[in-house]
Amino acid sequence: MFQILVVGVLPGDDVANLAGMPEAPDIPTAWRQLREKTPHSRQGDPLVIEAAYAQPRLRALYPFPTHGTLKFLRTAPPWQPDERELLPFIVCGEPPYRVYAAGYRELLGTAATPEDAAALVVTHLPDDPASERRSDLRDR
């Protein structure tokens, strides 16, 4: 097994920030930057982003496009390492769009359109993501 040591990077550091791509400081700014395709910010599938933004429950979460997916986080940065893989997410690209449980634990379903994929994510969200986050972290 190989281990790579990056000088100056500590466990939990946000590598995107170190690469010069700062994260948006809050949820509304993150959505605005995604929708406006702000330079030097995260980019994602515009159709999926707009479909997710149209869902009020998803719009209340921090959008996090990464590696061909649109993930949703409960809070704006800074994040704890265990906070990034808690909610369902969409695999972007072309139809069918796949929606997975956090960490690819389970395929929750497929959708023909970005709108259907966003609605599928909403159906699998906890009733109160903020309170579940507090209990999740308390139980660890």
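This short talk walks through the core, the aromatic pairs and the salt bridges of one structure.

Good morning. One caution first: this is a predicted model.

Let's start inside. Nonpolar side chains tend to be buried together in soluble globular proteins. Here, the largest nonpolar core has 30 residues. Which of them touch the most other members? They are Leu-58, Tyr-62, Leu-70, Phe-72, Ile-90 and Val-121.

Helix 5 gives the largest share, five residues.

Now look at Val-121. Ignore its neighbours within four places in sequence. What is Val-121 in contact with then? The list is Leu-58, Phe-72, Pro-88, Phe-89, Ile-90 and Val-99. Find Phe-89 in that list. We will meet Phe-89 again among the rings.

Next, helix 2. Its buried residues are Ile-27, Thr-29, Ala-30, Trp-31, Gln-33 and Leu-34. What covers them? The cover includes helix 3, helix 4 (56-59), strand 1 and strand 2. After helix 2 comes Lys-37. The phi of Lys-37 is positive, near 55 degrees.

On to the aromatic rings. How many aromatic pairs does the structure hold? Six. I will show two.

Take Tyr-62 and Trp-79. Their ring centres are 5.2 Å apart. Their planes sit at 80 degrees. Planes over 60 degrees apart count as edge-to-face, so that is what this pair is. Where are the two residues? Tyr-62 is in strand 1, and Trp-79 is in the loop between strand 2 and strand 3 (89-91). They are 17 residues apart in sequence, so the pair ties those parts together. Are these two buried or exposed? Tyr-62 has a relative accessible area of 1%, so it is buried. Trp-79 is at 10%, and that counts as buried as well.

The second pair is Phe-89 with Tyr-104. Here the ring centres are 4.9 Å apart, with the planes at 80 degrees, so this pair is edge-to-face. Phe-89 belongs to strand 3. Tyr-104 is in the loop between strand 4 and strand 5 (107-111). Phe-89 is at 1% relative accessibility and counts as buried. Tyr-104 is at 45%, and is partly exposed. Why not buried? Because buried means under 20%, and Tyr-104 has 45%.

One more item on rings. Tyr-62 and Trp-79 also form a cluster with Phe-64.

Look at Tyr-53. Arg-35 lies over the face of Tyr-53, at 3.8 Å from the ring centre. Arg-59 lies over the face of Tyr-53 as well, at 5.1 Å from the ring centre.

That brings us to charged pairs. How many salt bridges are there? Three. Let's take them in turn.

Arg-42 meets Glu-23 in a salt bridge at 2.9 Å, N to O. Arg-42 is in the loop between helix 2 and helix 3, while Glu-23 is in the loop between helix 1 and helix 2. Those places are 19 residues apart in sequence, so the pair ties the two loops together. What about burial? Arg-42 is buried, with a relative accessible area of 15%. Glu-23 counts as buried too, at 12%.

Then Glu-36 and Arg-32. Their side chains meet at 3.5 Å, N to O. Both residues lie in helix 2. They are four residues apart, about one turn of the helix. Arg-32 is partly exposed, at 41% relative accessibility.

Last, Arg-35 and Glu-50. Their salt bridge is 3.0 Å, N to O. Arg-35 lies in helix 2 and Glu-50 in helix 3, so the pair ties together parts 15 residues apart in sequence. Arg-35 is at 36% relative accessibility and counts as partly exposed. Glu-50, at 34%, is partly exposed as well. Remember, Arg-35 also lies over the face of Tyr-53.

Methods: Residues are numbered from 1 along each chain as its sequence is written. This is a predicted model: local features need pLDDT of at least 70, side-chain atom pairs count only at pLDDT 80 or more; totals for chains, interfaces and linings use all residues. Side-chain values use heavy atoms; hydrogens and water are left out. A nonpolar core is a set of buried Ala, Val, Leu, Ile, Met, Phe, Trp, Tyr and Cys residues joined through side-chain atoms within 4.5 Å. Buried means under 20% relative accessible area, exposed over 50%, partly exposed in between (1.4 Å probe, protein chains only). Contact means heavy atoms within 4.5 Å. Rings of Phe, Tyr and Trp (its six-membered ring) pair if their centres lie within 6.5 Å; planes under 30 degrees apart count as stacked, over 60 as edge-to-face and the rest as tilted. A charge sits over a ring if NZ of Lys or CZ of Arg is within 6 Å of the ring centre and within 35 degrees of the ring normal. A salt bridge is a side-chain nitrogen of Lys or Arg within 4 Å of a carboxyl oxygen of Asp or Glu.
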